[in-house]
Amino acid sequence: MTEGPLLEFRDVAIAYATRGGEVPVIPALSFRMDAGEAMGLVGESGCGKSTVALSIVRYLGRAGRLVRGRILFEGRDLATLDAAELRAVRGRRIAMVYQDPMASLNPVMTVGRQLMEVPMIHEGVGAAAAHDRAIEMLREVRLADPAAVMTRYPHQLSGGQQQRIVIAMALIAEPALLVMDEPTTGLDVTVEAAVLDLVRELRRRRRTAILFISHNLGTVVRVCDRIGVMYRGELVEEGSVRQIFTDPRHPYTRGLLDCLPALGRDKRHAPLVPIPGQLEPALARPPGCGFAARCVHVDRARCTSAPIPLRPRDGARGHRVACVRAAELAPWTRRRPEGTAADAARASDPVISTRGLGKLYHPRSGPFGAGRAPVRALRDVDVVAGRGRTLAVVGESGCGKSTLAKVLAGIEVATEGHVVLDGAEIGGLGVDRRSRALRRKLQMVFQNPESTLNPSHTVGYAIGRALRRLRDGAPADPGAGVARLLEIVKLAPELARRKPRQLSGGEKQRVAIARALAGDPDVIVADEPVSALDVSVQATIVNLLAELQAARGTTLVFISHDLAVVRYLADHVAVMYLGAIVEFGRVASVFAPPYHPYTEALLSAVPVPDPDRQYARILLEGPVPRASEALRGCPFASRCPRKVGAVCDDTPPPVHRLGGDHRIACHIPAGELATLQTALVEPSREER
Amino acid sequence: MSAPATAEVLSVSPPATSRRRARDLWRGVARVGESRPATVGVLIILFWLAVAALAPLLAPYPPNASDLAALAHPTPSRAHWLGTDHLGRDLLSRLAWGARPVLVIAPLAVLGATALGCLLGLAAGYHRRWIDLVLTRACDIVLSFPVIILYMIILTHFGSSAWNIVGVLTLTKAPIIARIVRGLTLELREREYVAAAKMRGESALYIMLVEILPNARGPLLVDMCLRTGYNIIIIGVLGFLGIGLPPPDPDWGGMVKDTYGMMSVWPHMALVPCAAISSLVIGFNLLAVGLRELGLRD
């Protein structure tokens, strides 16, 4: 190998040809990576980070074009390689891992075959040797029973297992550089934690350089040595993980850090600070700093006159910033909770509650197939949400939290138990049997911003229709009602004329919230409303929900897999596993020992955006089992790291009632749990 | 479904002024120019539409008039640019007049089949359960029948007229459209905006027509174009079998039938109407290809 950097971008400019002309996605980018180094590339969606990843392996497609500059890999200019050389580099020296593992795997080939192909094609290794290499690699990515996994097809594996296979495929050729583009986005927190730890460990063992691309600073910190922050195709700050996290000098980096929910933050004491405005399209590029329009520290005279280069900082090796005011900015401090959690404990009367709620799905058997065993999506769920409060329901995907949301909303009907809304029983009422008054009392916000709005209708129509259906009497001027609702969710009234495809993900979700607010509901059930959004956008939506709640006294049932967001927004938390509530209580008591072992594992998996506070993780083995009716003991028994013994499998766990309404369902006595566990959430100043 | 609910569904109109809507429509139509196949297809279709519309001006002779003098040399000449058929009738005139029934019947039958197919497909896909079972089985039965025999039975029984041909094409093509719409509906009914509509208590009819159907328009439009082309072929086949439009008025399929016996002597008599049918079908197919391409692009 030649001396010098492994990968170097020298003044690279990339543009995409579109119908409206050529768009400079990357105006000028220079950075370098050494062999064995892990570098993180962070920025909001649309900032050009994926373009960087694609340009390394020349996958820009027909529309993309390298306008200027050179991309050097191991000293060779990638643009000069011919097809055969390029193929050799792509397969053996550079490997890629993308966001969706299912899209990277061939559904009609066993994963073993796909793994073996890599050394067989690129190195001419025989089938037997390739088989051994594949088994060895699967063991290395910590997949249990590699021989059995080899014979499976991708759809027979869980998302986490699939991503491990993709990583194994990338590493089996022993590349010098591994490019990972949002490898954990879309995975559960627990799976994400396991994958991140795996990457970290593999890196330490194999000395592979990693370019890790993410929109979330919290995930990058776990894997990387160095971080580059991108905005509108340019690096605005670059430095070691410690430099970026302890002394960020660019206002954008600070913005990204301030909008990250962390386990220590909640809505009352350390509000998230979203970055104002949104990423503008790359078409119109003003002179000077690209971030100036959204920057709180902007000094028009200096920031928008001339281009601002990435300059090294004095006295900090490797730290480069593209900001004229970098040296003037006050030192950055991590926002930590202030004040006490006393007001959160104030009681309020219950608005919506469930008692013994159950939902059993009978999978429809085909005309020729035998009937499959029924699935128990909810078992004996008791939760309460107080007026004007937030009840959060957390758990991994498949734990039944979305089913709970649907039953509350009436999209599904419970098979047993009760749901009481304002003293009236609604558990058995599907939404088509609910009265108009009942429907307007409870509305829902959905998860996927891409599918929550009908692409054929304008925003104004979507909201106007909700107004007409949910308000009494025809409004005198529907346009004014729509404009008022848009104003409430902080959108311009002009948006009423747009179609959903002309909106960003965050805007769509705000329109969806406005639509849910049309009938002035008492309760809003929000099913993962922010999980598909960038962290910076997530902060604005979470803040909006908190503000709306404070202003209107709306009760929020907030379904989420993200414990940091839950910690921030919730008053009460219900932790769900296999359809059962394993722990319930006030947010402060659930997030402090004693925990249910499942809560403990979930909490330990939350990415902590602070290089100095990386905790050891409790990894859950295996996938979530099938929620069968036959389950007798504790639902978590099969994966519980603190399993006591056979009693866990055979007997339903007793419910320990602790202070207030805090309850834990576990065979281990609460006192014992408390002594076993250490606090995973930093205590607030008062408690310390 | 109660009467007021239906009335409300039908009065639904997104709050867009008519001028803006016209502008959006024009933008949509103008996008056809971005796809080369679509442009060529539209040009071919426009050509035939113009020929059909201007038939009285374009045709040098009445379509059924025989020029006995030309019978000796029916090949193209200065008097008859495309020649005459075996009865001395001017082929150019018959071609121009013959474009009219095809260009009315084929699209009309497609519209009928689409309307019926959408209703069936939406009902089957949205309600599932027994409605789905009954409707899909009924469609399967129609589709499993050899269509040509079906046409012969129906058209010989009810007599051959333009309306009957439209009816027969509607009935036999609707099940295909219904299948497509059912498939799309099964997918679209799970979208969150449909759940949101249920949350505000919309009727099933509203959800089907206003929330689901507009989002199926892309694939439907492509299929309508293809289907128009197929219908043109079928109309030709019906004419060829002698159960198409009644003589003596010109009908492209009938023109082939009357003259294919003279193929070895005067091939132009059958080839000219064949070429007309092919070009029009190709026009619609190209438009379909182009529309699919444009649909994939955004």
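**Entry 1: strand E6 of chain A**

Which residues of strand E6 of chain A are buried on one side, and which on the other? I looked this up in a predicted model. Strand E6 (residues 94-97) has both of its faces covered. I found A:Ile94 and A:Met96 buried on one side, and A:Ala95 and A:Val97 buried on the other.

I then looked up the pairing of this strand. E6(A) is joined by four bridges to strand E7 (residues 177-181) of chain A, and the two strands run parallel. For A:Met96, I noted A:Val179 as the bridge partner in E7(A).

**Entry 2: an open sheet in chain A**

I recorded an open sheet of four strands in chain A, in the order E14-E13-E16-E17, with antiparallel pairing. The edge strands are E14 and strand E17 (424-425) of chain A, each of which pairs on one side only. Strands of a sheet pair through backbone hydrogen bonds, either parallel or antiparallel.

How many bridges join strand E13 to E14(A)? I noted eight bridges between strand E13 (residues 350-361) of chain A and E14(A), which run antiparallel. Within this pair, A:Thr354 has A:Val383 of E14(A) as its bridge partner.

I also looked for a helix against these strands. Helix H13 (residues 401-409) of chain A lies across E13, E14 and strand E16 (416-421) of chain A. The helix runs at about 65° to E14(A).

**Entry 3: positive phi in chain A**

A:Asp380 has a positive phi of about 50°, although it is not a glycine. I located A:Asp380 in strand E14 (residues 375-386) of chain A.

I found A:Arg232 in the loop between strand E9 (226-231) and strand E10 (234-240) of chain A. Why does A:Arg232 count as buried? I noted 23 C-beta neighbours inside 10 Å, and a residue is buried if 20 or more other C-beta atoms lie within that distance.

**Entry 4: helix pairs in chain B**

I recorded the crossing of H5(B) with H6(B) as left-handed. H5(B) contributes B:Leu120, B:Ala123, B:Ala124 and B:His127 to the contact. Among the residues from H6(B) are B:Ile131, B:Leu135 and B:Cys139. By class, I listed six nonpolar, two polar and two charged residues in this contact.

My next pair was helix H7 (residues 147-158) and helix H8 (residues 162-188) of chain B, with an angle of about 145° and axes 10 Å apart. H7(B) and H8(B) make a right-handed crossing. On the H7(B) side I noted several residues, including B:Tyr151 and B:Phe158, which meet B:Asn164, B:Val168 and B:Thr172 in H8(B). The contact of H7(B) with H8(B) has seven nonpolar, two polar and no charged residues.

**Entry 5: where the chains meet**

How many residues of chain A are in contact with chain B? I recorded 25 residues of chain A in contact with 16 residues of chain B. Helix H14 (436-441), strand E18 (442-445) and helix H15 (459-470) of chain A each give two or more residues to the side that touches chain B. H15(A) provides the largest share, six residues. By class, I counted ten nonpolar, ten polar and five charged residues on this side of chain A.

Technical notes:
Residues numbered from 1 in each chain as written. Chains lettered and ligands numbered in written order. Predicted model: local features only at pLDDT ≥ 70, side-chain atom pairs only at ≥ 80, totals over all residues. Contact = placed C-beta atoms within 7 Å. Nonpolar A, V, L, I, M, F, W, Y, C, P; charged D, E, K, R; others polar. Left-handed = near helix turned anticlockwise from the far one by under 90°. Buried ≥ 20, exposed ≤ 12 C-beta atoms within 10 Å, placed from the backbone. Pairing = 2+ DSSP bridges. Axes fitted to C-alpha atoms, helices over the stretch in contact; angles between N-to-C directions.
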